[in-house]
Amino acid sequence: MYTLYNVRRWGSMGPHFLLEELGVPYQSFWMTPEQVRDPDFRELSPLGYIPVLKLDDGSAIFESAAIQVFLATAHPDRGLAPSPGTPDHGQFLAWIAFLGANVYPTINLAYQSEGFADSEETAAVVRSKAGKHSLDLFDIVEKRLVREGPWLLGEHFSAADLYLFMLTVWETPGERLLHARCPSIAALCASVRGRPKLRAVLEAHGVDRPEGT
Ligand SMILES: N[C@@H](CCC(=O)N[C@@H](CS)C(=O)NCC(=O)O)C(=O)O
């Protein structure tokens, strides 16, 4: 059985949504931010980050993009990742890597701007610039969806869409602003929120509705 190290609304949401969609046995190990920041947690996750997925053999997978690809590929019968080696699988990897390597750290920068600045004034500049850059990155995703949508892989819903959805709920300066700017992303998010298998897990993370609605 998989064990997901989980914090409400944090980076474990994507893998948590995926485990529910896959319908495979797993347990959720809910943690507080204080437990995550305990130095012992770095035995599992080198930077002390959520998420971590522990396997039956005791090994731990860290990095959200790696967990998303691992889980979807480990259960090919569930159809949430294209077959390895196909052009679609290439696109699947490319978009998950794009989101994990660009969008996620930019959002983190906006949230943690104090750690990248030496005064409140410069932190505000970092926050504002990171927020603007994240919107530019979401514009690239929007363009993909307009051309190839409704999902990142066209007609094929996949683990990449769940990963994208997780990132949109954190968007700063706001999810509603993002939806107004990027209607195809808004439509994708509404479709994810409408998936029956996800109802309970969306509620557990408090993201079953767009912020402020
Ligand atoms: N590159 C990592 C980033 C994960 C990350 O930033 N996780 C945040 C929560 S969203 C975290 O655990 N922060 C630790 C803390 O705030 O102490 C991944 O994709 O898994």
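The following legends describe close-up views of a predicted model.

Local features are reported only at pLDDT of at least 70 and side-chain atom pairs only at pLDDT 80 or more, whereas totals for chains, interfaces and linings use all residues. Residues are numbered from 1 along each chain as its sequence is written, and side-chain values use heavy atoms, with hydrogens and water left out.

View 1. Helices (H or I, at least four residues) and strands (E, at least two) are DSSP runs, numbered from the N terminus. Strand β1 (residues 2-6) is largely enclosed by the rest of the structure, because five of its five residues are buried; buried means under 20% relative accessible area, exposed over 50%, and partly exposed in between (1.4 Å probe, protein chains only). Y2, L4 and N6 point to one side of β1, while T3 and Y5 point the other way. Two strands count as paired if DSSP finds at least two bridges between them. β1 runs parallel to β2 (residues 26-30), to which five bridges join it, and Y2 stands opposite Y26 of β2. With β3 (residues 52-54), β1 pairs in the antiparallel sense over three bridges; here L53 is the bridge partner of L4.

View 2. β1, helix α1 (residues 13-22) and β2 form a right-handed β-α-β unit. A crossover is right-handed if, with the strands pointing away from the viewer, the path from the first strand over the helix to the second runs clockwise. R9 lies in the loop between β1 and α1 and has a positive phi of about 70° although it is not a glycine. R9 is partly exposed, with a relative accessible area of 31%.

**View 3. Surroundings of H75.** H75 is found in the loop between α3 (64-74) and α4. This histidine, H75, is buried, at a relative accessible area of 15%. Not counting residues up to four places away in sequence, H75 touches Y2, L22 and V24, where contact means heavy atoms within 4.5 Å.

**View 4. Helix α5 and its packing.** Helix α5 (residues 120-148) has 29 residues and reaches 42 Å from its first C-alpha to its last, close to the 42 Å expected at 1.5 Å a residue; the expected span is 1.5 Å times one less than the number of residues. Its buried residues include A123, V126, F138, E142 and R144. The buried residues of α5 pack against α4 (87-111), α6 (159-170), α7 (175-181) and α8 (183-193). In the loop between α5 and α6 is P150, joined to G149 by a cis peptide bond with omega of about 15°.

**View 5. The largest pocket.** About 830 Å³ of space lies in the largest pocket. Of the 26 residues that line this pocket, the closest to its centre are Y49, I50, Y104, N108 and Q112. On a 1 Å grid over the protein atoms alone, a pocket is an open set of points where a 1.4 Å probe fits, with protein on both sides within 12 Å along at least five of seven lines, and lining residues have an atom within 4 Å of a point. Grid points are joined across faces, edges and corners, and the volume is the space filled by probe spheres set on the points. The largest share of the lining, six residues, comes from α4. A cis peptide bond joins I50 and P51, with omega about 10°, and P51 lies in the loop between α2 (33-36) and β3.
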